[in-house]
Amino acid sequence: MSFANLYEAPGPRGIRRNRVLAAVVALALLAVAYVVYVRFDQKEQWAADKWLPLLRGDVWATFILPGLAGTLGAAVAGVVLAGLFGIIFATARMSDHRWIRGPAAMVVEFFRAVPLLLLIFFAFFGSFVLIGVNISAFAAVVFGLTLYNGSVIAEIIRSGVQSLPKGQREAAYAVGMRKGQVMRLVLLPQALRAMTPVLVSQFIVLLKDSALGLIVGYDELVDRGLNGIAANFSNVIPAAILIAAIFILINLSLDRLAHRLGVSGRP
Amino acid sequence: MEALLFERDTILAAFWMTVRLTAISALGSLALGTVLTAMRVAPLASLRGAASAYVSVARNTPLTLVLLFTGLGIGANLGVELSDDIATNNFWLAVIGLTAYTSAFVCEALRSGLNTVPVGQAEAARSLGLGFVKTLRLITLPQAFRAVVAPLGSILIALTKNTTIALVVGVSEASVRMREMIETYGDQVIEIFLGFAAGFVLLCLPMGLLFGWLSKRMAVAR
């Protein structure tokens, strides 16, 4: 939506004033950029030898691509498992039986309230005491991503089902479907479709959260890129900018996808 | 259970750090987010462009990377010192990172709040001769704030949980203490986890209830 109704279409004086203001703003932004530039320059972060490694094939092969594979691996595993968790617990929370509904609600509310990092620490550092084996960092990250994002997805799906017209459920019962069929064949498909944009935004959150893996030593993009590249070429700033750019690119394309699905996916 | 009781002072100190990080970053994000919102709807294309570029960069970068950038990049590499004391310095670096990240979400929420304000409000303000800044400050933004109390509450709760990531810039808050305690008291892992989880539930639950109540109370009747 445009917010052009917040101000009058400028007249001749307004146009002149806006030009002056635009120049001032541009100067201010340039001044900020200049300060940043000088600061980085003092630490030689613009020097060619700090940036050129980022263009080298072997740097991409040893650091960036394996890191990206790690990030995407955890994210894909997380999306699949969190999606399953979400569907199961959303259905359970809408059950007719109180003894299913209650515990499911407690599980969902609990994992939504606990910081993801605590879940990852619990799985990673506590696994030996609990199950007798040390689980891998990958497993710990996916464990956390699944429980936390799965609970959020469960709530998204539940609100999607609740937003459907009552007639859908009634019509399904009227043609003789059972409870499971009503959910599986009528309600869930429509809810998932209506909630696609929100679900994709949650997947973006999940992808970003997978970067937490570096805290428990999981080999992902931020770890490989920032710690790996910067340790070899002492170029923290260029490496951080590159890694951020990769994340932004992936997330913006997912965002665009969500938008397109949102526009065309409505029945 | 003994470990939690025995260490209750250090645990409370760790959670106090969490609360301070949350409170200061929340105020900072609210201020910066409001300024960003005003910029995004401003008549000047340069302001709009700058704000929307900032929001899409901050929203799509992992918080871990943002905090590492403030810690390693701004702190260690550029040598920005906010305090002589290293713990205080790290604390403020974490606040900067959390604020930079969260304000983008505040901006998005407020902007969608502006969408809920009927066109007639701004038009009436303009017909009274109010300029852009006054229209925004007196008429549309106050109504937008009242419309987005609930989303702002969710952002605050997310911020509270996100402060755990401040450990990457060396702030010892709740998650650091939990990791240390799991290593020290290996036999009580479940109790320790549930204890810290309960701490966060105790912090976030009242916030959720308060903001839920506020959003009903402050809703603009139309």
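1. In what order do the elements of chain B run from the N terminus on? They run α-α-α-α-α-α-α-α-α-α, that is, ten helices and zero strands. Helices here are DSSP runs of H or I with at least four residues, strands are runs of E with at least two, and both are numbered from the N terminus. The C-alpha atoms of chain B fill a box of roughly 70 × 45 × 25 Å along the principal axes.

2. This is a predicted model, in which local features need pLDDT of at least 70, side-chain atom pairs count only at pLDDT 80 or more, and totals for chains, interfaces and linings use all residues. Residues are numbered from 1 along each chain as its sequence is written, while chains are lettered from A and ligands numbered from 1 in the order in which they are written.

3. On confidence, chain A averages a pLDDT (the predictor's confidence in each residue, from 0 to 100) of 87, and 96% of its residues score at least 70. Within chain A, helix α6 (residues 137-162) has the highest mean, 94, and helix α2 (residues 48-51) the lowest, 76.

4. Chain A is divided into domain 1 (4-42) and domain 2 (48-264), with bounds from an automatic or database domain assignment. Taken over C-alpha atoms, the centres of domain 1 of chain A and domain 2 of chain A are separated by 39 Å. An unreviewed UniProt entry places "domain: ABC transmembrane type-1" at residues 68-254 of chain A. That span is 83% helix and 0% strand, with its end C-alpha atoms 16 Å apart.

5. For chain B, UniProt (unreviewed entry) lists "transmembrane region" at residues 12-39, 60-79, 91-110, 144-172 and 192-214. UniProt positions are in the numbering used here, feature names are shortened, and annotations may be inferred rather than shown by experiment. Residues 12-39 of chain B are 100% helix and 0% strand, and the end C-alpha atoms are 40 Å apart. Residues 144-172 of chain B are 62% helix and 0% strand, with end C-alpha atoms 36 Å apart.

6. Contact means C-beta atoms, placed from the backbone, within 7 Å. By that criterion, 48 residues of chain B are in contact with 41 residues of chain A. Helices α3 (45-60), α4 (63-77), α5, α6 (119-127), α7 (132-147), α9 (174-184) and α10 (189-218) of chain B each supply at least two residues of the side that touches chain A. Inside chain B, residues 24 or more positions apart account for 76% of the contacts with a separation of 6 or more.

7. Of the 222 residues of chain B, 47% count as buried; a residue is buried with 20 or more other C-beta atoms within 10 Å of its own, exposed with 12 or fewer, and partly exposed in between, with C-beta atoms placed from the backbone. Beyond neighbours within four places in sequence, Leu65(B) is in contact with Ala211(A), Val222(A), Ala240(A), Ile243(A), Ala244(A) and Phe247(A).

8. Glu173(B) sits in the loop between α8 (149-162) and α9 of chain B. Glu173(B) counts as buried because 24 other C-beta atoms lie within 10 Å. The C-alpha atoms of Glu173(B) and Thr163(B), ten residues apart along the chain, are separated by 8.0 Å.

How values were computed:
Contact = placed C-beta atoms within 7 Å.
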